[in-house]
Every structure is written in C-alpha cells, then in structure tokens.
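Please read the report below alongside the sequence and the coordinates.

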Protein chains: 4
Amino acid sequence: MTPSRPTPSHRRGAAVRQAVLDATVELLATEGLSGTRVADVAVRAGVHETSVYRRWGTRTNLILEAVLSRMDADVPVPDTGSTREDLTVLLTALAAFLATPTGRALSRLGLTPDDAAQNGAAQGAQPRSEFWTARLTQAAVVIQRGIDRGDLPPDVDPEFLLEAMGGALHLRILQRGLPADRDYVSRLVDLVLAGARSSR
Amino acid sequence: MTPSRPTPSHRRGAAVRQAVLDATVELLATEGLSGTRVADVAVRAGVHETSVYRRWGTRTNLILEAVLSRMDADVPVPDTGSTREDLTVLLTALAAFLATPTGRALSRLGLTPDDAAQNGAAQGAQPRSEFWTARLTQAAVVIQRGIDRGDLPPDVDPEFLLEAMGGALHLRILQRGLPADRDYVSRLVDLVLAGARSSR
Amino acid sequence: MTPSRPTPSHRRGAAVRQAVLDATVELLATEGLSGTRVADVAVRAGVHETSVYRRWGTRTNLILEAVLSRMDADVPVPDTGSTREDLTVLLTALAAFLATPTGRALSRLGLTPDDAAQNGAAQGAQPRSEFWTARLTQAAVVIQRGIDRGDLPPDVDPEFLLEAMGGALHLRILQRGLPADRDYVSRLVDLVLAGARSSR
Amino acid sequence: MTPSRPTPSHRRGAAVRQAVLDATVELLATEGLSGTRVADVAVRAGVHETSVYRRWGTRTNLILEAVLSRMDADVPVPDTGSTREDLTVLLTALAAFLATPTGRALSRLGLTPDDAAQNGAAQGAQPRSEFWTARLTQAAVVIQRGIDRGDLPPDVDPEFLLEAMGGALHLRILQRGLPADRDYVSRLVDLVLAGARSSR
DNA sequence: GATTAAACGAGACGGTACGTCGGGTCTTGAA
DNA sequence: TTCAAGACCCGACGTACCGTCTCGTTTAATC
C-alpha cells in the first residue's frame, strides 16, 4: 500500500516528518479522529512516540498540520474561465473533503487547545483560524476574476461570499451529517451569485 | 409509554435530571468543554457521579443534551412582522450563542461518538443531526411567513436559506474564531434575501 | 429443572426465604463465589433485590447461610460400626463438598466482614467459626464411639483429631487445588488413628 | 530473554517494584485485606496507581505476590538437629504468620481470579497452588533429615505429613479463628510423628 | 368483611473501588 | 544532536456491585 518506506533505524529530519504526517493522514482516514492515537501514528510511521512529541509537541498540533496539508492538496483553486463553474468545482471539492473522516476531524479540533479564546480577543496563535483566512484569501481570486470579467459588481466582498458558501457546506455536512450533492452545490452557487449581483 | 401518573421515583428523577443539566451548562460556560468533567458536574449538582452515568451513559451524551436544551432556550424564533427583522434577530441570537463557550462546545461533539458515521448511511440515532433538522424546521416559519406575506417568491426552500445563513455564522465564529457583529448579520441577511428573490 | 416454583407475585416469608437460598446455592455452583451477585440471586429467586437485603442484610450473610446449610446436608455424620470406616466416609464426603464451587466459597468468606478480628479476642458473632465448632462437635461422636468401643484410648481429644484430618483436606483442596482421592483419605485416617493410639 | 545488562529502566523498575510490594505488606498488616486498596498502596509507595496496574494487572496479583514473598521471609525452614524441634519451630512460625492479617489474607485470595479452576484440571498458572507446593517441598528436608537420622521410617511421605500439620493450623486459625499456642503445636507434632512411626 | 401492619415490588440513588485509556515526560544508551 | 526504548506520571472515563431510600401495593392476620 504505502510505497516501501525506508526504515534505516535512524532516519533524519524530513524523512521522519513526512512518514509521521503520512501515517497520521492514513489513520485519520481509517480510524477517525478519536481513533488516531499518537502511539499508533508512531508505530505506523516506524518512529518512536517521543520523536513525535519532540517535533509537534501535542497531538492536536500534529493532527492539525496533517489535516490542513491534506486539505490544501485536496481542494485546489480552479480556473475554468467561468465564475460559476469555478465556484461549483471548488465547493464540490470542499464538500467531498469535508465528508471524509479527515475533513470531519477539522471541525472538532477547537481553536488551539480547548476553547482557550474565552476572553474576547484572540491572544495566541490559532492555526486553524489562520488557515481558514489563508484559504479564503486564496480562493478569493475566483471571485476577483469574476469581478474583473464583469460577472459581478466591483463592490462585492470575495471572502464574505466564500464564507457564506463554505459555511453552508460546513453546517450541512459536519453538523447535520447530510450529503451535499452536485445539485445542492449548484443551488448554493446560484443563490449567492444572484444575491451578490442584486444586493445593495 | 408515558407513565400515566408520575411515580415518586419519576419526580425525584426529574429533579436530579434538571440539577445535572443545569450544572453542566454552568460548567460549560465557566470552564469550557474540556474543563467540564463528569465528576465536577456531579458535585455541583449535588448528585453522585454514578447517577450521571446511569442516566446519560457517557459524558458526550450529557453535554450534548445540555447544550441543545440551552440553545433551544437561548435562540427563540421571533415574529416581528418583518421577514428581514425576524432573520436578523434570529441570526443575531444564534451568533451570540455560538460565541458562548457553551455554543462552542456544540461544534466539537461529533456526530454521536466519534465519527461513527464512517459508512455512508447514518445507521443510528444521531442526536445532533436531528437537533439541527428540528431547529431549521422550527425556524422555517420565518421564511414561510415571508412567502405568505409576498416578501419572497413561493418556490424558495426555507431550510436551504436558513442553512446558508446559519452555516456562514457557524464557519465564521466556530472555525475562524471571528466575531459576527450586527453589521455582518445584516449583510448576510441582505445577501440571501436578495438571492432568494432573484434566483431562478 | 427446579420444580415449579410458585410465583404468585407476592409470596410470603418462608417461601421467599427458601427460594432465595436455593437460588444462591445454584448460582454458587454455576458461577462461583464472585459470580454470585445479589441482584442475580434475586432475579433467579423471582424476588426483589430489596427483599434479600431486608432479610439477610449483606451478601456475605446470605452466602454464608446458603453454604453452611448446604454443607450440613451434604456431609452427614455416618455410623457404620467401624471407626475407621466412619472417618473415611465422613472425610470423603467433606472432600467432595470442598471440591465443589459451593465448598470453595466457604474458605473465602472471612471471619465476619473482613478480618475484623484483628484484636485478639473475638468480639462479635462469627458465624463461620461457630459453624465449624458445631460441626466438629457433631462429628466428635464418631471418635467417641471409637473410644467406647475400645478402638481408641480414652484420653484422646476428638475435636483435635478431626481438626487435623479436616485441616489436611482443607489445605490440600482449597489452597493447593489438588484432589483428595479415596486413597489419600485412607492414608490420612491411618496416620491419625495410628498417632492417636500410640501417642503419649 | 533475561536482559544481559539491567537497563536503567530496569533499575528504576526494581525500585518501584520493591516500594510497591513493601507498601502492600504494610497496608495488609494495618488495614487488613479488604482495606488494602490499590490507590492507597500507590500513594504509600510514592508511585502512580497506573504503574501498579501496569506491572501486576490486578489487585489480586499484587497482593498475592506480596503475601507470598512475606511468608517466605517469615517462615524459614529451621535446622536444630532434632526432628521434633524443627517441626515445632516451623509450625509455630507458620501459626504466627497465619494469625497475622497478612497471613489471613492468604486464605481469601482464591485460586487465580475466583474459582476459575471449576473444570477438573488446572489449566493455567495458579500461583498460590505452586507456592504451597514449593513451600512444602522446601520444608520436606526437615522430615528427610529425620529419616536419615533414623527418627522416622524410610517410607514416610514428607509432604503428606507436612500437609496434615499445616492443614490443621490452617483450619484452626483461618477458619475457626482460634489460637494455636505452643502446646497445640506440640500435640500436633506428637500426633503426626507417632502416627508416622507406627502406621502401616 | 373491613381494617391495618408487615412484607414485598419497583426503581432510582449513594458510595466505593476497580480497571482502562491515552496524552505527555523523563532517563539513558547508542548512532 | 537526534532518535530508540521503556517505564512513568497524570488525570479523566467508564464499570461493577454493594447497599439504601422512598413510596406504592399486596397479603395476611385482626377486629
């Protein structure tokens, strides 16, 4: 299954890192979030548990990194020439990813440890938050191209629109456990596009 | 099935039940999700830990029930006479609830145990899923009144619209850790209302 | 198996008592000591758990009474006309009983609750102790008949001899888990009889 | 399999092991069997409860090992030059040990878990059984020396005699809760010695 | 034959201990 | 320096079973 993973007893740096990340994603996919234990990851990666802790510090960090890297790979930003098509493709990929055990894990990781951000302001590094912001910013080009193309009015807020669409999928798939098929995505894109064109 | 007359045990049971649920909500609010331990809940409720396990079986069940009952109480369905206003009020309340530690807990509870729904179909009872469905159905009257009033075209799908709006808040608040102020809610309502009026 | 046990919903006194005792012995035989739970006994006896506690107070009391009554029934005092034969029969029956799960339970019940008799003197009722004393006294007639018959010198201590023989079986069967066959019993009787005849 | 050199983990392990065993014996002596809780043992040994479970698996295993090691230390095999004296010393020590809370615990530990040995044959490791066998074998030299010395006929069975004497003490002290003073031990030795010399 | 007290059914609860799980740390030896 | 190895710490979860409590209900003896 996994390509011959060299285990020369003492591998170094990047090799260990990648092996662990791969093992994490695999376990996430087969065992789910709570079934993904650091010890198991270590065994599967052919690495000692201590090494994992040395590098990532906590289980949450490890999983977060694994999941986010996976999402980056699985949900690319398309460029088909059509705003509508771009969004459909993007959201379909997102829906597919979220339906995955790996994707499901994302929603359960909490901002940093638990809900540390109890006080109004975000005081520390919040990897997940930053990730979403980065992700939305990346995807914003799809909207931007629509504006440039004249498909959309120039005053729309790209991130806002994407947040609305992504959020719908998030809620439907992750919270409600319902599927988001092509038709659903289509209606969603239509709704938001129509709203964006006529609002204000 | 409902006992014709509430036996004394039932009466005592109900008292215990409520005390535990209240204690859970309180701890959720002050200690956060991971800080809410069954033992502490029991102490605070003046009840023995075993009684909690007898009734709810697992920590997750307990917290789920507590959170959901709380949300029902904190996010009522308004009826102001204006569709726009109804939605604004509803979503503002939802946003406020989600920003709460109690609300935050909701997104981290997973469908039933972990991600048990690995196999395509939902095979068991999934309290959270059912809850959202019920919640959206309840709130659908707001949209329906808009249709009756002529505010919205008759062919819109109430749950779909609510899912889109609720999802946006969900993603923004719970995943991104950003606030959703009144203005944000406003724009969201505008977007979806405009989309609903002109799409298709 | 059990003869039609009348279960007219609310049985009284002696009937309940006997049903519970029977159920206890049965469970002891099939499930062993630690597998004999009060709740199970109650179910099997067709009686409510509370009734068991009302009557016997503690699990230990219940089991003790059940075991002792059983031993009285299973290990009768014989009278064959021969001292040697009497002892052989008696000890063989005892060995058989001790090899039983029910018999095995006896050695694990402790004097009263735990080891309450830490202080030198026995301060309370110790049913098991009394039971053994009574049992040895009963069986002493076998020795006494031997004395009367001239088989044994008049100054031997009946209880002492029985204690030695019973103890050997006890240790061998209950502690060592070894069988005590007819030959073993025979040698034991020979040893003690020979000792009693020639000592002092 | 035995590690050629004790690794540091082993060294630390041994320290923990001894501390736990000591703590167990102490608690056994002061609190009795049922008062000896794993948690308390751990605290007293300055070790975490989990470490105890890691090593011994169950409370029973722990206590068994503690008790048996203690008995080995408290009941040495004497060599006074006189068979009668050897036996008296040996049995007196045994009686003293059995009268101890620690000794008392021995009789209540069951063969392995409960009465698992329900089926005729001993299918697994039964530490207590093996212990007694080893103990009797050790003590057999006392009898053997008696034979060599001409005190006893050459065809007597050493273990058999010891079992008889040990069993008497066992029954008297552990089951009947009665004391076994020096005179009692004396009579017991006399009885068995006389029997052994003249029987058959 | 109605009344009443003792015994029983029923079900939840209190309480204590056992054992499990998994995240995370520490020490030492070796590559 | 990094990693392997293995025991440990720590804290929470969940389970098992004993025994108690309250109250409704039945039964048997009494008036």
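What follows is a description of selected helices, contacts and residues.

## Basis and confidence

This is a predicted model, in which local features need pLDDT of at least 70 and side-chain atom pairs count only at pLDDT 80 or more, while totals for chains, interfaces and linings use all residues. Residues are numbered from 1 along each chain as its sequence is written, and chains are lettered from A and ligands numbered from 1 in the order in which they are written.

## Chain A and A:I143

Chain A has nine helices and zero strands, where helices (H or I, at least four residues) and strands (E, at least two) are DSSP runs numbered from the N terminus. Of its 200 residues, 41% count as buried; a residue is buried if 20 or more other C-beta atoms lie within 10 Å of its own, exposed if 12 or fewer, and partly exposed in between, with C-beta atoms placed from the backbone. Among the contacts in chain A with a separation of 6 or more, 59% join residues 24 or more positions apart.

A:I143 sits in helix α7 (residues 127-149) of chain A and is buried, because 25 other C-beta atoms lie within 10 Å. Leaving aside residues up to four places away in sequence, A:I143 touches A:L152, A:V156, A:P158, A:L161 and A:L162. The C-alpha atoms of A:I143 and A:L193 are 9.9 Å apart, although 50 residues separate the two along the chain.

In chain B, the axes of helix α7 (residues 127-149) and helix α8 (residues 158-175) come within 8 Å and cross at roughly 105°; axes are lines fitted to C-alpha atoms, for helices over the stretch in contact, and angles run from 0 to 180 degrees between N-to-C directions. α7(B) is therefore roughly perpendicular to α8(B), given that angles under 35 degrees count as roughly parallel, over 145 as roughly antiparallel, 65 to 115 as roughly perpendicular and the rest as oblique. On the α7(B) side the contact is made by B:L136, B:T137, B:A139, B:A140, B:I143 and B:Q144, and on the α8(B) side by B:P158, B:E159, B:L161, B:L162 and B:E163. These residues divide into seven nonpolar, two polar and two charged, where Ala, Val, Leu, Ile, Met, Phe, Trp, Tyr, Cys and Pro count as nonpolar, Asp, Glu, Lys and Arg as charged, and the others, Gly among them, as polar.

In chain D, α5(D) and helix α7 (residues 127-149) pack with their axes 9 Å apart and at an angle of about 170°, so the two helices are roughly antiparallel. D:T83, D:D86, D:L87 and D:L90 of α5(D) meet D:A139, D:V142, D:R145, D:G146 and D:R149 of α7(D), which by class gives four nonpolar, two polar and three charged residues.

## C:L90 and its helix

C:L90 belongs to helix α5 (residues 83-99) of chain C, and counts as buried because 22 C-beta neighbours lie inside 10 Å. Beyond residues up to four places away in sequence, C:L90 touches C:V77, C:P78, C:A139 and C:V142.

The 17 residues of helix α9 (residues 182-198) of chain D should span 24 Å at 1.5 Å a residue, and the end C-alpha atoms are 24 Å apart, which agrees; the expected span is 1.5 Å times one less than the number of residues. The buried residues of α9(D) include D:Y184, D:V185, D:L188 and D:V189, and what covers the buried residues of this helix includes α8 (158-175) and α9 (182-198) of chain C together with α5 (83-99) and α8 (158-175) of chain D.

D:G166 lies in helix α8 of chain D and is buried, with 27 other C-beta atoms within 10 Å. Apart from residues up to four places away in sequence, D:G166 touches C:L171 and D:L94.

Conventions:
Two residues are in contact if their C-beta atoms, placed from the backbone, lie within 7 Å.
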